Amino acid sequence: FRGQVAFWYGGNEYYPGKTAELLKRHLPQMRVEVLEGMGHGQFLNEHPKEYSGKMKKILYKERSPSEA
C-alpha cells in the first residue's frame, strides 16, 4: 500500500506508540501524531469538528483532481 496513512493516538495511551513503530516499518509514508493529554478516542469525542477537519484534509488530499 502506498497511499497516505495517518496514525493518531492520545499521549496518555501506552501501547499505540509501540504499534505505530511496528506499522511504520511496513508503511514508511505513515504520519504519526501524538495528541498530548488525550486518552483513547478522546480527541474524536471531545473535539469532533477538529477531528473531522483533520480527516477531510487527508481524504481530499488523497483524491485526484479527476475524482473531485
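**Figure 1. Lining of the largest pocket, by residue class.** In this predicted model, the lining of the largest pocket comprises five nonpolar, one polar and five charged residues. The residues that form this lining are Q4, V5, A6, W8, R31, V32, E33, K54, K57, I58 and K61. The space within the largest pocket amounts to about 200 Å³. Three elements, β1 (6–10), β2 (31–35) and α3 (48–62), each contribute at least two residues to the lining. Of the elements, α3 gives the most, with four residues.

**Figure 2. The salt bridge between K54 and E33.** The side chains of K54 and E33 form a salt bridge, with a distance of 2.7 Å from N to O. This pair joins distant parts of the chain, since K54 belongs to helix α3 and E33 to strand β2, 21 residues apart. The count of salt bridges in the model is one. K54 has a relative accessibility of 23% and therefore counts as partly exposed. E33, at 30% relative accessibility, likewise counts as partly exposed.

Figure 3. Y9 is located in strand β1. Its relative accessible area is 14%, so Y9 is classed as buried, the cut-off being under 20%. When neighbours within four places in sequence are set aside, Y9 is in contact with P16, G17, V32, E33, V34 and L35. One of these contacts, E33, lies 24 residues from Y9 along the chain, and the C-alpha atoms of the two residues are 6.6 Å apart. E33 is also the salt-bridge partner of K54.

**Figure 4. The largest nonpolar core.** Six residues make up the largest nonpolar core: V5, F7, Y9, A20, L27 and M30. Within this group, Y9 has a relative accessible area of 14%. With residues up to four places away in sequence left out, A20 touches F7, M30 and V32. Of these partners of A20, F7 and M30 are members of the core.

**Figure 5. Secondary structure and contacts across the chain.** The chain contains three helices and two strands. Read from the N terminus, the elements follow the order β-α-β-α-α. Of the 68 residues in the chain, 22% count as buried. Among contacts between residues at least 6 apart in sequence, 66% join residues at least 24 apart.

Terms used:
Residues numbered from 1 in each chain as written. Predicted model: local features only at pLDDT ≥ 70, side-chain atom pairs only at ≥ 80, totals over all residues. Heavy atoms only, no water. 1 Å grid on protein atoms, 1.4 Å probe; cavity = no way out; pocket = protein on both sides within 12 Å on 5 of 7 lines; lining within 4 Å. Points joined across faces, edges and corners; volume = space filled by probe spheres on them. Nonpolar A, V, L, I, M, F, W, Y, C, P; charged D, E, K, R; others polar. Salt bridge = Lys/Arg side-chain N within 4 Å of Asp/Glu carboxyl O. Buried < 20%, exposed > 50% of the residue type's maximum accessible area, 1.4 Å probe, protein only. Core = buried A, V, L, I, M, F, W, Y, C linked by side-chain atoms within 4.5 Å. Contact = heavy atoms within 4.5 Å.
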